[in-house]
Amino acid sequence: MGLNALGPLLIPRSVLVLCSFYYTTAVETLLVLFSRLLLCSLAMTAATAAGAAAAAAAVSLVTCFLLFHNSNLKFPWARTARPSCASGRRTRRRGLVEAIGNTPLIRINSLSDATGCEILGKAEFLNPGGSVKDRVAVKIIEEALESGDLICGGTVTEGSAGSTAISLATVAPAYGCRCNVVIPDDAAIEKSQIIEALGATVERVRPVSITHRDHFVNIARRRALEANKLAAEQRESNETRTNGLAHVNSKMTDDKLAAMQNALKKTQNNDPAHVSTEMTHSSKCDPSSDSKGGFFADQFENMANYRAHYEWTGPEIWEQTKGSLHAFVAAAGTGGTIAGVSRYLKEKNRSIKCFLMDPPGSGLFNKVTRGVMYTKEEAEGKRLKNPFDTITEGIGINRVTRNFMMAELDGAYRGTDREAVEMSRFLLRNDGLFVGSSSAMNCVGAVRVARDLGPGHTIVTILCDSGMRHLSKFFNDQYLADHGLTPTATGLEFLDK
């Protein structure tokens, strides 16, 4: 019989399910399969029952495919594709710590369009603590707990210009620890306000050279030693009291054991499962109890800083770009970010270029480009403060840290305060990106790299934090006017000077 004798064409439910599944997984392959099946069925004789059945099945499958392909209709039995494990996205995360990392890589449209390159910013301001330093805080605390240098209930101390301190204050309670921060008093006031609101103690001190005993980093180191000394004194006092009452405790222990044995005898004929001779204890530490000592985070020299980015940030960038990037550029404070990311990317592909972006007053540009940071007369130990007061915070330094030593760099650029201010306003107007001073300086570096490499390249940088913690200085019109930094540019002409 012919095809016309088949009557109305019916599409079985099982065929629809099969179509919907294959549509979500391999549309192109399915189309080829349908086409071949249709050709084969039409080639068969329509006079035979087998030929008619094959032709009908083929037409049904093709009709189903066209229905799915040309409409947005969703069938309740269609399978929902699972998010790829490789995407790094998790629909549910266990606690604050697991919410850190896996930040998106954002195409900065205005800069990409202006340069002809793909300029991508790692949106670290979306971390729970608001900055890239959340990763460092987690790594430092976890390694300290594993080594025993920090115990649950102990106090993490740090000297910081702001972001690391905020991250430590954010993360420490998740590990049952407290936080004490020493911060220079020329840092934006909202940073210390945030730290205090997070429950950490804050000391604001005058900014001096790192060689001075009252530099904020050196004071933080002393606070950790003081906490350890207090903890040792309390332990010694507790041991003395324990030894003095040893005979009393012994009698109490005997009495308690006798009572437990009596309880056991009374209940052994009833429900032995409810009897336990173990002493109950709490697995949760009590941060408000006696001093558990202190731990100096030492973000500048602690190699956990570098490892956080080598083991975490670098791999994320590599995965998110699928290895298709040509350059990475970032400023350095402690040096952990640029060191960890640059070394990881270089190990994956030696042709990836990595650059430093250095702010005013920092000696790292000279170190990278000339091999020396300063002359003997300019050594940091000879002066009380940097010779140039920059508006940028958290980046730039006049010594080589252990973390920075791990960096693998191909060159360096130097930016200005005006360029950072103008770039921050440009990004806000054109991309809706409200970023801080270090992020803006990084974007200045990204444009410089893009112009040097030429169109068609992919450049990645770090959007360290948002502008929310820079309101009193970097985004304060009066402060900028007082320092001759009122933004006036309408485009990127400020980078042409």
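Modeller: Helices (H or I, at least four residues) and strands (E, at least two) are DSSP runs, numbered from the N terminus. One caution: this is a predicted model, so local features need pLDDT of at least 70, side-chain atom pairs count only at pLDDT 80 or more, and totals for chains, interfaces and linings use all residues. Residues are numbered from 1 along each chain as its sequence is written, and side-chain values use heavy atoms, with hydrogens and water left out.

Biologist: Is Glu-419 buried or exposed?

Modeller: Buried means under 20% relative accessible area, exposed over 50%, and partly exposed in between (1.4 Å probe, protein chains only). Glu-419 has 7% relative accessibility, so it counts as buried.

Biologist: And what does the side chain of Glu-419 reach?

Modeller: Look for a polar contact: a pair of N or O atoms within 3.5 Å where, within protein, one must be able to donate a hydrogen and the other to accept it, and residues adjacent in sequence count only if both atoms are side-chain atoms. Here the Glu-419 side chain reaches the backbone nitrogen of Thr-416 at 3.0 Å. For plain contact, the rule is heavy atoms within 4.5 Å. Leaving out residues up to four places away in sequence, Glu-419 touches Arg-414, Val-444, Arg-448, Phe-494 and Leu-495.

Biologist: How do α14 and α15 pack?

Modeller: Axes are lines fitted to C-alpha atoms, for helices over the stretch in contact, and angles run from 0 to 180 degrees between N-to-C directions. For α14 and α15 the angle is about 90°, with the axes 8 Å apart. Under 35 degrees counts as roughly parallel, over 145 as roughly antiparallel, 65 to 115 as roughly perpendicular and the rest as oblique, so α14 is roughly perpendicular to α15. Glu-419, Met-423 and Leu-427 are among the α14 residues in the contact, with Cys-443, Val-444 and Arg-448 among those of α15.

Biologist: How many disulfides does a search of the whole structure find?

Modeller: A disulfide is a pair of cysteine sulfur atoms within 2.5 Å, and the search finds 0. Take Cys-177: its closest cysteine sulfur, in Cys-152, is 5.6 Å away, too far for a bond. Cys-443 is in no disulfide either, with the nearest cysteine sulfur, that of Cys-464, 9.0 Å away. Cys-443 is buried, at a relative accessible area of 0%.

Biologist: What about α7 and α8, at what angle do they pack?

Modeller: About 10°, with their axes 9 Å apart, so α7 is roughly parallel to α8. Ala-165, Ile-166 and Ala-169 in α7 meet Lys-191, Ile-194 and Ile-195 in α8. Just after α8, Gly-199 takes a positive phi of about 95°.

Biologist: And zooming out, how many helices and strands does the protein have?

Modeller: There are 16 helices and 10 strands, and 46% of the 497 residues count as buried.
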